[in-house]
Amino acid sequence: MNVTELLDLLRQQHDQATAHAEALRRQIEELTASLTEAEGRLAELATTRKNIENLIPAGSAPPAEPAADSYQQLLSVFNKHSDQPFRARELHEALGWPTDEATVNVTRSRLGRLVRQGILSQPVRGQYQKRT
């Protein structure tokens with residue numbers, strides 16, 4: 001293979017890599033837009049739920065059935081460290097759960113439910129601790 005053929009081959013590979021990189025950039029832009037839309041929808045749903053919960057008199061609605069395994073796993077961390085407050089993300093890390101924002105928000109909701117049920121306390125905003 002002579003130098004000219006080698007240069008042509010390198011140009012082809014460069015062009016292919018450039019096209020692939022551009023395709024990936026487009027995918028990232030599309031996924032970012034989808035993620036932004038989904039997060040906006042989650043925020044709307046959380047606000048709507050909170051507004052509806054505020055309309056229901058305390059104690060008049062039965063608590064929703066929790067996802068038992070998730071609650072048991074969360075409570076096991078609090079039982080092992082009863083004097084330690086945790087943030088939702090720290091609980092995810094301790095349990096080896098995903099730490100993406102949407103998943104952590106579900107856990108925050110569950111922790112809020114446990115606070116309302118009197119199982120946990122919230123010593124400061126965003127931190128949860130086993131009630132003593």
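## Overall fold

What pattern does the protein chain follow, read along the sequence? The order is α-α-α-α-β-β, so let's keep in mind that we are looking at a predicted model. In total, the chain carries 4 helices and 2 strands.

## Dimensions and packing

How far does the C-alpha trace reach along its principal axes? The spans are about 80 × 35 × 25 Å. The radius of gyration of the protein chain is 24 Å, while a compact globule of 132 residues would have one near 14 Å.

Of the 132 residues in the protein chain, 16% are buried. If you take the contacts between residues at least 6 apart in sequence, 45% of them join residues at least 24 apart.

## Surface and charge

The protein chain exposes about 9900 Å².

On the charge side, you will find 16 positive and 17 negative side chains. The centres of these two sets lie 12 Å apart.

## A look at Ser70

Ser70 has its place in helix α2, which runs over residues 68–80. Is Ser70 buried or exposed? Ser70 counts as buried because its relative accessible area is 16%, and the cut-off for buried is under 20%.

Which residues does Ser70 contact, once neighbours within four places in sequence are left aside? They are Trp97 and Arg110.

## A look at Thr107

Thr107 sits in helix α4, covering residues 101–116. Why does Thr107 count as buried? The reason is its relative accessibility of 1%, to be set against the cut-off of under 20%.

Around Thr107, not counting residues up to four places away in sequence, the touching residues are Leu74, Ala88, His92 and Trp97. With one of these, His92, the side chain of Thr107 makes a polar contact of 2.5 Å. Trp97 is a handy landmark when you look at both sites, as Trp97 is in contact with Ser70 and is also touched by Thr107.

Key. Residues numbered from 1 in each chain as written. Predicted model: local features only at pLDDT ≥ 70, side-chain atom pairs only at ≥ 80, totals over all residues. Heavy atoms only, no water. Rg over C-alpha atoms; globule rule 2.2 N^0.38 Å. Buried < 20%, exposed > 50% of the residue type's maximum accessible area, 1.4 Å probe, protein only. Contact = heavy atoms within 4.5 Å. Areas by Shrake-Rupley, 256 points an atom, 1.4 Å probe, with all protein chains shown as cover. Lys, Arg positive; Asp, Glu negative; His and termini not counted. Charge placed at Lys NZ, Arg CZ, Asp CG, Glu CD. Polar contact = N/O pair within 3.5 Å; in protein donor to acceptor, adjacent residues only side chain to side chain.
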